[in-house]
Amino acid sequence: KKETLVTCPTSKMAERILEETGVLAFIIPDPFDDIDFEECEPIYQDTKSVCWFGHAGNLWTLNNLKLCCSGELVSNFKNTYIKETLSIDSGWKFTEWELGKMNDVFKRHDIVILPYGNSSWQHSKSPNRIMNAIRAGKIVVTNDTPVIDAYELRDYVIVSDDINDGIKWAWANISDALSKVKAGQKFIKSNFHAYSVAKNWAE
């Protein structure tokens, strides 16, 4: 008889699965994406701009955020949908997501902002976007969320519940910010390569 197993990428998601279904899930982390995201040397260009990328369902985490600089949103959205349903600051540039486009987007910015909401649903998310941004050589600013602890990434990002304060800290401490990125790239490469994650699947 074959046994059905349930897997998920984070401990918080496993807690949610157990709570909702009574099933104990096996935790297998997501590997980094080395197809759509290139690993790049962290280089500061003083762009005074940021980008955000992700599914349109996560755009609400940017509601009412008044950026201290210019910003670019990359998602699977239509501009009319954004304008009609979300309180997104008009200072953003909207870019429709396409496979392979993020490498060019990253080159236009020094910082990626990835805030998360305060709910069990948000807390159970995989930090895959954070990993991919760090691999791209970008400084990541996020809020104090369990998401960054899911893969022990706290030391490699700038944590601030006021995103603008986090951005300004990066500008004022660029050497320290880039050191976080470099250390993060090394950590991610050692722990979340597809070959490393495959060992968990084998077990």
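Leaving aside neighbours within four places in sequence, asparagine 58 is in contact (heavy atoms within 4.5 Å) with Trp52, Trp121, Gln122, Lys125 and Arg129. The model is a predicted one, in which local features need pLDDT of at least 70 and side-chain atom pairs count only at pLDDT 80 or more, while totals for chains, interfaces and linings use all residues. Residues are numbered from 1 along each chain as its sequence is written, and side-chain values use heavy atoms, with hydrogens and water left out. Asparagine 58 sits in the loop between β3 (49-53) and β4 (70-75); helices (H or I, at least four residues) and strands (E, at least two) are DSSP runs numbered from the N terminus. With a relative accessibility of 9%, asparagine 58 counts as buried, where buried means under 20% relative accessible area, exposed over 50% and partly exposed in between (1.4 Å probe, protein chains only).

The loop between β3 and β4 also holds asparagine 64. In contrast to buried asparagine 58, asparagine 64 is exposed, at 58% relative accessible area. Its phi is near 65 degrees, a positive value in a residue other than glycine. Most residues other than glycine have a negative phi. Glutamate 152 also has a positive phi, near 60 degrees. This glutamate 152 belongs to the loop between α6 and β8 (158-159) and is exposed, at 58% relative accessibility.

Helix α5 is mostly covered, with seven of its eight residues buried. The buried residues of α5 are Arg129, Ile130, Met131, Asn132, Ala133, Ile134 and Arg135. The elements covering them include β3, α3 (102-106), β6 (111-113), β7 (139-142), α6 (147-150) and α8. Beyond four places in sequence, isoleucine 130 contacts Leu114, Tyr116, Val140, Val147, Ile148, Leu153 and Val157. Isoleucine 130 is also listed, with Phe53, Leu62, Trp92, Phe106 and Ile113, as having the most contacts inside the largest nonpolar core, which has 50 residues. The largest share of this core, five residues, comes from α8. A nonpolar core is here a set of buried Ala, Val, Leu, Ile, Met, Phe, Trp, Tyr and Cys residues joined through side-chain atoms within 4.5 Å.

Isoleucine 188 is located in helix α8 (residues 174-191) and is buried, with 0% relative accessible area. Residues up to four places away in sequence not being counted, isoleucine 188 touches Phe32, Met131, Ile134, Arg135, Leu153 and His193. Between isoleucine 188 and glutamate 152 the C-alpha to C-alpha distance is 9.7 Å, at a separation of 36 residues in sequence.

The axes of α8 and helix α7 (residues 163-172) come within 5 Å and cross at roughly 105 degrees. Axes are lines fitted to C-alpha atoms, for helices over the stretch in contact, and angles run from 0 to 180 degrees between N-to-C directions. The two helices α7 and α8 are therefore roughly perpendicular, the class for angles of 65 to 115 degrees (under 35 roughly parallel, over 145 roughly antiparallel, the rest oblique). Trp169, Ala170, Trp171 and Ala172 of α7 make the contact with Ile174, Asp176, Ala177 and Lys180 of α8. By class this contact has six nonpolar, no polar and two charged residues, where Ala, Val, Leu, Ile, Met, Phe, Trp, Tyr, Cys and Pro count as nonpolar, Asp, Glu, Lys and Arg as charged, and the others, Gly among them, as polar.

A salt bridge is taken as a side-chain nitrogen of Lys or Arg within 4 Å of a carboxyl oxygen of Asp or Glu, and by this rule there are eight. One of them joins arginine 135 and glutamate 39 (3.9 Å, N to O). Because arginine 135 lies in helix α5 (residues 128-135) and glutamate 39 in the loop between β2 (26-27) and β3, the pair ties together parts that are 96 residues apart in sequence. Arginine 135 is buried, at 6% relative accessible area, whereas glutamate 39 is partly exposed, at 38%.

Glutamate 20 and arginine 16 form another salt bridge, at 3.7 Å, N to O. These two residues are four residues apart in helix α1 (residues 11-21), a separation of about one helical turn. Glutamate 20 is exposed, at 55%, and arginine 16 is partly exposed, at 26%. Asp144, Asp149 and Arg154 are linked in a salt-bridge network.
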